[in-house]
Amino acid sequence: MDPAASGARWPAAETVAPRSTAETADLLRGTTGTVVPVGAGTKTGWAAPPERCDLLLRTTALDRITEYAPGDLVVVAEAGVPLAALQKQLAEHSQMLALDPPEEGATLGGIVAANASGPRRLRYGTVRDLLIGVTAVLADGTVARSGGKVVKNVAGYDLGKLHTGAHGALGVVVSTTWRLHPRPPATATVTAPVHGSAHAADLAFRVARSTLTPTALELNWRRGPFDVTGELLALFESSPASVAGQAAACAGLLAGEESKAAVYEGDSAPSAHGTSHDPDRVAIGAALPAWFGQRPTGPMVLRLAYAPAALPHVLDALPPGAHGTASAAVGVGYAAVPPETDLAALRAALAPHDGSAVVLAAHPDLRAGLDHWGPPGDAFGLMTRVKDRFDPARRLSPGRLLGGL
Amino acid sequence: MTPARASALAAPLRAAIGAAKVLTDPAQLRTYECDGLATVRVRPALVVLAEDRDDVVAAVRICAAAGVPFVARGSGTGLSGGAVPVADGVLVVLSRLRAIHAVDPGNARVTAGPGVINLSVTRAAAPHGQAYAPDPSSQQVCSLGGNIAENAGGAHCLKYGFTVNHVTGAEVVLPDGEVVRLGGIAPEHPGLDLLGAFVGSEGTLGIATEITVRTVQAPETVRTMLVGFHSVADAAGTVSDIIAEGILPAAVEMMDALAIQAAEAAVQCGYPEGAVAVLVVELDGPAVEVDEQFRQVERIAAARHAFETRIARDEDERALMWKGRKSAFAAVGRISPAYYVQDGVIPRTRLPEVLDEVARLADAAGIRVANVFHAGDGNLHPLILFDDAVEGAGHAAEQLGFAILDLCLANGGSITGEHGVGVEKKAKMADQFTPGDLDAMHRLRCAFDPAGLANPGKLFPTPRLCGERPGPHTAEAPRDPALGEVF
Ligand SMILES: Cc1cc2nc3c(=O)[nH]c(=O)nc-3n(C[C@H](O)[C@H](O)[C@H](O)COP(=O)(O)OP(=O)(O)OC[C@H]3O[C@@H](n4cnc5c(N)ncnc54)[C@H](O)[C@@H]3O)c2cc1C
């Protein structure tokens, strides 16, 4: 996909696709203009558009899985490797990289740069928890690796954390090393209807504060004129006996003591809208509904992050007509909001909950003057100094980050 | 500016934070000469016993204005010399910042001062069925501030992750005295993940004055087993097999014959008689899952010739199994006049060969080595025994330790898994990283601390100045006007 295709229009003077770290370093050393790295281009709308793009640097030719040691559950792969391609190879050994962002075709480098994650972050965390090593080419062509190929390592600063979510502003990520997990053999889901934001939070935290170990706890919500409605889904992934036992216990928790009878047992083959047979019942199933793990779509899509227990307040702060998903016990949600949404007011309403709202997608008509990131916070001066040290001439993805960095 | 002598700061420090919090008496200063790496000792010019954030800010500003280096110190249990003072510098002790500010089970967070002891966090969360997962063996004494500075690990980090995976926010006093909040209660924040970079920075990027950590829900079931082997290779092979089979135990710890012997003498843990190596394997989670995995582990161990598998029947038996492991460092201190703890990491599949090679290196050097370590992570802790009354013995022990680190690197590993680089291993950084790698790390250091005042002489193999901040883009948050008025 081209940057233009995902709603972000920033034509590049020239496009290159280096095939190695050395070629990438040569490119940066041999030029002086602005460089914007992209992978498959699925998340180019996630940050503010660059001020300038003299060179669009595609990482798609950096596409080798360079080292895979199944016994160690570690893999080294170049930045342009698509996540799906990596997963395919890992699946042959019943392993996986426990990251599940939905963007189709997304590359590892792009996932790191945009810090993309999905529902299973509840169990496995995000890029920062799984990336154990990274190699980046800095603005002046310096090739810098940090971390390593072992799961435990505290030698030196962990620069992988800095490149995560930096949208290429500190360097071009060329290679990534990951901690892997075994692929669980069985799946069970439990779904429950949600009536109101408080109810959603009550259900979610009943599960989250139990001894059950769901891999995801996702809310599919829609803000009506008066209140929030939707569906909560708990996903269990483990051995067949474990998921069966946990799903039953979870259904009991969600149905509440008084209405255990309402639990619908058996596979609840979801309809196109992902609802089970009887929308008023807690249902146990095995298949995932279509909405699971997908980002909402609409004229403006936001990523919300907040203190986890503030879920009902966050849902209530969203304007009627908004809809989306939330990793219900984590404190992260995705919202498609009406185009006239007052972003500044929304951000102010989230602030007491340590909340933020970042624009992931916006209709081209809405982009002009849009504040993608919101207020930069008191660490912005420090962020600026970090950017200055890594990229003093501001040639890498200028303007894409928070505060126009 | 020519740097002032640190001792000249006593008067302004006393004026700023109170006389009782500033130590200059040589006898008192001696307490702070070293951390857990007792072989490196430096007496600081001054010690500040900070009681709150404002004390830290005042101390750091006074240091910054005078160009005097400062070193943060938590409980002083670090094993790489990270908290070793600078002779002409100020040591800022954070132990008195030990208030737990908020226990917030709803958000699964605890916010506390940096001097709070690791175990206190779990104790505070326990009434809510929650725990703070990172559990270094020193958890009864080490501080949260030291933990985040070293990115501390522990036995249960195999499943739950290290300190960095559990810290969501910190208030940090930067080396020029500016106070910033990195992260917070929410799981993520817009902008660069400076918190992630701060964790594990060994006191070289500033001083944490408040820390927010995530707590985890206590599991339904915990089961612990002790497995005895007649060979180290079989125990190591069992670890590799468990991991390769896709089981993720809460902990897999290993001890060899010498470590077992020491622990037995010290705490009578009753480990299997005649064992050349034991594994402590702990599984937790839903009961069904734990039972299944337990059987798998038993099968794997049996195939590797385990001669005894003992399952803790109650909390007392479980505690005894762990007591042997957790007291092992101290116990080794009783069978040798002195010992030196190394900390290196290897890929888990290499455990059998590498442990073999460690034994060979030890034999060749004529030095006894006890191994007690986080086997599931491939994190070796060879305890190198020596007699400090014998001239050159300490040096020989250190040389053997470095040879073991070379072995870790040759096997694709790391020179430290949890104890940090500190002063001890800074030279080794140049073996693990290229000049380009180190240059990038140095840039981060310069962004936080252009004057190089925070814990200088640690982590980096060669001292380097930052020079002028390059480039045309110099937009910066306004400097605190008070900064210039300290003197
Ligand atoms: C018997 C024993 C067992 C151990 N077991 C383990 C283990 O299992 N896992 C493990 O990871 N470690 C272990 N350690 C090492 C040590 O306990 C850890 O590194 C611990 O995190 C250090 O905490 P501390 O409070 O003692 O820090 P200190 O030793 O006081 O300081 C360590 C470093 O942190 C910096 N620092 C301290 N406070 C702050 C602050 N507030 N802000 C910024 N920087 C700060 C210091 O400058 C120094 O560089 C063990 C040590 C001993 C003695």
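**Exercise 1.** In which loop of chain B does B:Asn107 lie? Determine also whether B:Asn107 is buried or exposed, and describe its surroundings.

*Solution.* The structure is a predicted model.

Step 1. B:Asn107 is located in the loop that connects β5 (100-104) and β6 (109-112) of chain B.

Step 2. The relative accessible area of B:Asn107 is 11%. Since buried means under 20%, B:Asn107 is classed as buried.

Step 3. Apart from neighbours within four places in sequence, the residues in contact with B:Asn107 are A:Arg209, A:Ala307, A:Pro308, A:Ala309, A:Ala310 and B:Ile185.

Step 4. One of these residues, A:Ala309, has its backbone nitrogen 2.6 Å from a polar atom of the B:Asn107 side chain.

**Exercise 2.** Place A:Asp140 in chain A, classify its accessibility, and identify the side chain with which it forms a polar contact.

*Solution.* Step 1. A:Asp140 belongs to the loop between β7 (131-137) and β8 (143-147) of chain A.

Step 2. Its relative accessibility is 41%. Buried requires a value under 20% and exposed a value over 50%, so A:Asp140 counts as partly exposed.

Step 3. When neighbours within four places in sequence are set aside, A:Asp140 is in contact with A:Arg29 and B:Arg443. The side chains of A:Asp140 and B:Arg443 are joined by a polar contact of 2.7 Å.

**Exercise 3.** B:Arg443 is also part of a helix pair. Describe how α12(A) and α16(B) cross.

*Solution.* Step 1. The helices are α12 (residues 380-390) of chain A and α16 (residues 435-448) of chain B; their axes come within 8 Å and cross at roughly 145°.

Step 2. The crossing in which α12(A) passes α16(B) is right-handed.

Step 3. From α12(A), the residues A:Leu382, A:Arg385, A:Val386, A:Arg389 and A:Phe390 meet residues of α16(B), including B:Arg443 and B:Leu444.

**Exercise 4.** Describe the relative direction of α13(B) and α14(B).

*Solution.* Step 1. The axes of α13 (residues 351-365) and α14 (residues 393-410) of chain B come within 10 Å and cross at roughly 155°.

Step 2. Angles over 145 degrees count as roughly antiparallel; this description therefore applies to α13(B) and α14(B).

Step 3. α13(B) passes α14(B) with a right-handed crossing. On the α13(B) side, the contact is made by B:Val354, B:Glu357, B:Val358, B:Leu361 and B:Ala362. On the α14(B) side are B:Leu400, B:Ala403, B:Ile404 and B:Leu407.

**Exercise 5.** Which residues of helix α10 of chain A are buried, and what covers them?

*Solution.* Step 1. In α10(A), residues 343-350, the buried residues are A:Leu343, A:Leu346, A:Arg347 and A:Leu350.

Step 2. Around the axis these residues span an arc of only 100°, and therefore lie on the same side of α10(A).

Step 3. Their cover includes β15 (300-305), α9 (311-317) and β18 (356-362) of chain A.

Step 4. At the start of α10(A), a side-chain oxygen of A:Asp342 comes to within 3.2 Å of the backbone nitrogen of A:Ala344.

**Exercise 6.** Is A:Glu231 buried or exposed, and with which side chain does its own side chain make a polar contact?

*Solution.* Step 1. A:Glu231 lies in strand β13 (residues 228-238) of chain A.

Step 2. With a relative accessible area of 8%, A:Glu231 is buried.

Step 3. The side chain of A:Glu231 makes a polar contact of 3.1 Å with that of A:Trp291.

Step 4. A:Leu219 is 12 residues from A:Glu231 in sequence, and their C-alpha atoms are 5.8 Å apart in space.

Technical notes. Residues are numbered from 1 along each chain as its sequence is written. Chains are lettered from A and ligands numbered from 1 in the order in which they are written. This is a predicted model: local features need pLDDT of at least 70, side-chain atom pairs count only at pLDDT 80 or more; totals for chains, interfaces and linings use all residues. Side-chain values use heavy atoms; hydrogens and water are left out. Buried means under 20% relative accessible area, exposed over 50%, partly exposed in between (1.4 Å probe, protein chains only). Helices (H or I, at least four residues) and strands (E, at least two) are DSSP runs, numbered from the N terminus. The arc is that of the directions from the helix axis to the C-beta atoms. Contact means heavy atoms within 4.5 Å. A polar contact is a pair of N or O atoms within 3.5 Å; within protein, one must be able to donate a hydrogen and the other to accept it, and residues adjacent in sequence count only if both atoms are side-chain atoms. Axes are lines fitted to C-alpha atoms, for helices over the stretch in contact, and angles run from 0 to 180 degrees between N-to-C directions. Angles under 35 degrees count as roughly parallel, over 145 as roughly antiparallel, 65 to 115 as roughly perpendicular and the rest as oblique. A crossing is left-handed if the near helix is turned anticlockwise from the far one by less than a right angle, and right-handed if clockwise.
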